[in-house]
Amino acid sequence: MGGDNGTDITEFILLGFSGFVFVQGHLFWGVLCMYVVTLLGNSLIVLLTLADSALHSPMYFFLRHFSLVEILYTTTIVPRMLADLRSSCPTISRASCFTQLYFFALFGIAECCLLTAMAYDRYAAICCPLHYTTMMNQRACVGMVGVSYLAGIITGTSHSVFIFTLPFRGANTIHNFLCDILPVLSLASASTFWAEVAELIITTAFIFVPFLLIVASYAYIIAAILGVATSQGRQKIFSTCSSHLFVVILFYGTATAAYMRPQADSFGDTDQILTIFYTVVTPMCNPFVYTLRNKEVTGAMKRLMKRYLCGP
């Protein structure tokens with residue numbers, strides 16, 4: 001409902017799929033299949049890292065929480081996306097939009113921070129092996145995970161409160177399939193200066209700084225790899241962090257491509273495709289990246305299957 005009479009908007013119209021009218025049926029089944037794979041794959045990682053004692057190391061502790069966040073992150077977005085793909089005029093109430101934006105920001109920032117914790121774990125294992133158990137003790141690991149969730153809560157709360165305390169009395173059409181920060185903020189009927197300042201501060205603190213820490217960790221890791229005399233040794237070290245590095249590139253690469261586009265190009269069909277990629281495709285890739293080439297995870301999977309299919 002629009003706010004032409006001076007009253008605040010009570011619902012928004014989501015036009016994220018307006019450019020995909022002729023393929024919405026195929027898109028529905030494609031997104032549904034990817035969502036199911038995401039749920040099953042990441043749930044399997046959570047189960048394996050809990051059930052198998054061989055995976056009770058800091059690296060898999062972080063991976064367990066990362067997989068859990070991936071499940072929650074996609075569940076914040078995909079079920080409504082699927083419903084909208086079946087609707088002729090998809091709408092979302094203001095309260096639901098607030099809730100979706102809150103959890104979207106919360107779990108997105110938690111992912112950034114968990115990726116940073118995983119990078120630090122790889123740095124400690126490769127560059128400081130003699131001090132690894134001290135640096136990555138249980139208290140440190142729990143603290144890093146706790147900080148990741150806390151950063152997400154701070155971000156989700158700040159963005160949601162700053163944006164939804166603004167008046168919305170004009171257009172109510174969001175050119176996206178979810179309540180993302182910039183599309184919603186562009187509809188505000190008052191100055192968005194302080195909301196934009198808050199976004200800049202939070203983005204710097206919880207996205208840019210973690211990214212720099214990841215880059216710094218891998219700079220030390222690369223230096224350590226180059227210092228190894230044999231190619232076999234370098235390959236062995238690189239294999240321990242290649243999966244994480246691929247996920248970092250995939251996550252930050254697609255998000256940067258979506259959010260760093262020129263303003264004139266934003267909210268277009270290309271932007272929607274990029275958003276689908278980092279909200280649906282990237283979480284689906286995580287289980288494959290961490291299982292297909294990981295002997296410890298595949299070994300745990302075989303042991304779990306043997307335990308339940310063949311008995312103890």
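These are my notebook entries on a predicted model.

**Entry: the overall build**

I began with the chain as a whole. I counted eleven helices and three strands in its secondary structure. Reading along the sequence, I wrote down the pattern β-α-α-β-α-α-α-β-α-α-α-α-α-α. Next I looked up the extent: along the principal axes, the C-alpha atoms fill a box of roughly 70 × 45 × 35 Å. For 312 residues, a compact globule would have a radius of gyration near 20 Å, and I found 21 Å for this chain, so the two agree. I also noted that 48% of the 312 residues are buried.

**Entry: the disulfide**

How many disulfides does a search of the whole structure find? I got one. As a reminder to myself, a disulfide is a covalent bond between the sulfur atoms of two cysteines. Here the partners are cysteine 97 and cysteine 179, with 2.1 Å from S to S. I then checked where they sit: cysteine 97 is in helix 3 (residues 94–127), while cysteine 179 is in the loop between strand 3 (173–174) and helix 6 (181–185), so the bond ties together parts that are 82 residues apart in sequence. Are these two cysteines buried or exposed? I found both cysteine 97 and cysteine 179 buried.

I marked cysteine 33 as partly exposed, because its relative accessibility is 48%.

**Entry: a nonpolar patch**

Which residues form a nonpolar patch on the surface? I listed Phe208, Phe211, Leu212 and Val215, which together have about 350 Å² of accessible area.

**Entry: the UniProt record**

Last, I opened the unreviewed UniProt entry, which places the feature "transmembrane region" at residues 12–37, 101–120, 140–165, 201–229, 241–260 and 272–292. I checked two of these spans in the model. Residues 140–165 are 96% helix and 0% strand, with 37 Å between the end C-alpha atoms. Residues 272–292 are 95% helix and 0% strand, and their end C-alpha atoms lie 29 Å apart.

Terms used
Residues are numbered from 1 along each chain as its sequence is written. This is a predicted model: local features need pLDDT of at least 70, side-chain atom pairs count only at pLDDT 80 or more; totals for chains, interfaces and linings use all residues. Side-chain values use heavy atoms; hydrogens and water are left out. A disulfide is a pair of cysteine sulfur atoms within 2.5 Å. Helices (H or I, at least four residues) and strands (E, at least two) are DSSP runs, numbered from the N terminus. Buried means under 20% relative accessible area, exposed over 50%, partly exposed in between (1.4 Å probe, protein chains only). Patches are made of residues with over 30% relative accessible area and no salt bridge: like charges are joined within 9 Å, nonpolar side chains (Val, Leu, Ile, Met, Phe, Trp, Tyr) within 5 Å. Accessible areas come from the Shrake-Rupley method with a 1.4 Å probe; for residues, only the protein chains shown count as cover. A salt bridge is a side-chain nitrogen of Lys or Arg within 4 Å of a carboxyl oxygen of Asp or Glu. UniProt positions are given in the numbering used here, feature names are shortened, and annotations may be inferred rather than shown by experiment. The radius of gyration is taken over C-alpha atoms; the globule rule is 2.2 Å times the number of residues to the power 0.38.
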